[in-house]
Amino acid sequence: ADDRNLDIRSVVSGFGGSGTIISAVHSTKESNASPYFQINRKIGVPLVLIVAIAAFLIVNALGDRTSEPQALDGIAVFPFTVSGSDELANFGNSFARLLANKLDDSGAVRPIDYNTLEQRISRDGLIVASPEEAQIVSLDYDAAGFIFGNILQIPGSIVIRASLYDSDGTEAAEASVTIAQEDQMLSAVDDLGRELLISKYNIEGDQLRSAAVLTTESYPALKAYLKGIELFRSREFSSAFSSFQEATEIDSTFAMAWYGLGRAAGWGSNPRDQQEPSFKKALAFGNRLPRRVRVRVESFLAEIRGDIEKSIVLLLRLTQEYPDDADAWALYGDLMYHNNRSLGFSMRPAVVAMERALKIDPENREMVGHLRILRLDDGDYAGWKELAVGELDGERIQIWDWLFAFLAEDRKSVV
């Protein structure tokens with residue numbers, strides 16, 4: 001292009017995601033256009049042309065194997081409503097989470113990130129008790145459809161019903177399953193997910209892996225894992241670490257629990273030296289991980305081993321495949337925030353990624369803190385103050401007001 005900017009996506013796909021060319025394509029130029037890395041002006045036109053032509057030739061030589069993946073329908077899976085028993089209060093949330101994982105693994109649809117959706121419902125105090133209410137929320141994520149279901153406990157059995165709706169609210173498929181007790185949750189996820197996907201997308205039943213393959217055949221291990229997720233989300237990191245550890249002790253092949261243990265190890269007072277071995281264990285059973293989780297694990301391991309460029313590429317790819325995933329954007333932005341300057345890269349892509357993460361999840365404290373520091377670095381006090389309101393008390397903000405007025409030699413404001 002005239003301004004020597006080149007979108008990385010086609011280049012990376014042509015090289016199979018290799019991190020070796022990222023130093024050439026990670027920009028030092030400030031840009032408001034997009035979060036994608038751009039070619040550095042210092043490289044010059046010849047190298048830009050060589051990289052572009054090489055990518056073009058490789059893509060054409062490999063044909064469909066490197067073409068852009070066909071966009072999948074975004075499907076929002078809402079927490080199932082529960083009635084008939086207070087003991088099943090968390091069952092609806094856990095069931096929906098496992099169902100979203102199964103849909104993600106199917107390759108037939110792209111579920112809207114369940115954590116993002118759950119946080120939005122909780123943060124805004126939304127009541128999603130009907131398909132009509134679910135439809136309104138799903139449209140905010142440009143979802144092609146949504147799943148809404150309910151769980152009813154009656155003496156001797158649990159009845160689970162769900163429907164898959166198109167974006168306009170039309171019911172496209174429905175399914176129901178009855179189980180005798182709570183520990184049959186995984187088989188219910190399998191049966192319900194299979195019926196909905198086969199009815200709507202005409203896929204073969206043997207294309208779908210069981211929920212137990214993606215998690216564990218041990219219900220006690222599953223309960224410990226699900227408890228760990230809830231504790232991690234509420235920032236009770238020490239307790240979350242213990243719950244994930246319990247799950248891995250019950251089932252040492254539980255890849256998702258190893259992943260959770262690795263994430264929790266990086267927070268609070270938890271032992272950080274447990275991160276790498278936990279992620280290695282998760283990757284050792286990588287065939288039991290949903291794709292988006294496997295990419296996260298690979299990214300974490302690359303970062304721990306010092307291959308920052310590879311980690312950045314993996315997270316960039318993840319944000320493009322799952323644009324509604326707040327955690328992916330936050331990980332991507334956080335990695336660039338901590339490493340871009342030392343690598344000689346612009347901080348602009350980090351800012352764009354973190355702002356995107358905050359737009360999806362406004363309560364991400366780490367993103368707020370990072371952006372506040374960057375705005376101070378840029379001398380953007382108004383921008384800093386905008387983020388500080390609600391985070392700092394009024395007296396502390398007044399002290400900062402005074403400090404900035406003093407530094408700016410604004411005598412009137414100081415007085």
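## Surface and overall make-up

Accessible areas here come from the Shrake-Rupley method with a 1.4 Å probe. On that basis, the surface of the protein comes to about 19900 Å², and carbon and sulfur atoms account for 50% of this area. The model is a predicted one.

The protein has 20 helices and six strands. Of its 415 residues, 50% are buried. Among contacts between residues at least 6 apart in sequence, 57% join residues at least 24 apart.

## A nonpolar surface patch

A nonpolar patch on the surface is formed by Trp402, Leu403, Phe406 and Leu407, which together have about 430 Å² of accessible area. Leu407 belongs to helix α19, which covers residues 394-407. Its relative accessibility is 60%, and a residue over 50% is exposed, so Leu407 counts as exposed.

## Nonpolar cores

In soluble globular proteins, nonpolar side chains tend to be buried together. The largest nonpolar core in this model has 92 residues. Phe80, Phe95, Ile147, Ile160, Leu222 and Tyr225 touch the most other members of that core. A second, separate core has 13 residues, including Phe78, Val137, Ala143 and Phe146.

Ile147 can be followed through its contacts. Leaving aside neighbours within four places in sequence, Ile147 is in contact with Ile75, Ala76, Val77, Phe78 and Phe80, among others. The list of its partners also includes Leu99, Leu103, Ala162, Ser163, Leu164 and Leu196.

## Aromatic pairs

The whole structure contains 11 aromatic pairs. One of them joins Phe78 and Phe146, whose ring centres are 6.3 Å apart and whose planes stand at 85 degrees. An angle over 60 degrees counts as edge-to-face, so this pair is given that label. Phe78 sits in the loop between β1 (73-77) and β2 (81-83), while Phe146 is in strand β4 (residues 145-154). The two residues are 68 apart, and their pair links distant parts of the chain. Phe78 is buried, with a relative accessible area of 0%, and Phe146 is likewise buried at 0%.

Tyr259 and Phe279 form a tilted pair, with ring centres 6.4 Å apart and planes at 45 degrees. Because Tyr259 lies in helix α11 (residues 255-265) and Phe279 in helix α12 (residues 275-284), the pair ties together parts that are 20 residues apart in sequence. Both Tyr259 and Phe279 are buried.

Ring pairs also link Phe78 and Phe146 with Tyr165 into a cluster.

Technical notes: Residues are numbered from 1 along each chain as its sequence is written. This is a predicted model: local features need pLDDT of at least 70, side-chain atom pairs count only at pLDDT 80 or more; totals for chains, interfaces and linings use all residues. Side-chain values use heavy atoms; hydrogens and water are left out. Helices (H or I, at least four residues) and strands (E, at least two) are DSSP runs, numbered from the N terminus. Buried means under 20% relative accessible area, exposed over 50%, partly exposed in between (1.4 Å probe, protein chains only). Contact means heavy atoms within 4.5 Å. Patches are made of residues with over 30% relative accessible area and no salt bridge: like charges are joined within 9 Å, nonpolar side chains (Val, Leu, Ile, Met, Phe, Trp, Tyr) within 5 Å. A salt bridge is a side-chain nitrogen of Lys or Arg within 4 Å of a carboxyl oxygen of Asp or Glu. A nonpolar core is a set of buried Ala, Val, Leu, Ile, Met, Phe, Trp, Tyr and Cys residues joined through side-chain atoms within 4.5 Å. Rings of Phe, Tyr and Trp (its six-membered ring) pair if their centres lie within 6.5 Å; planes under 30 degrees apart count as stacked, over 60 as edge-to-face and the rest as tilted.
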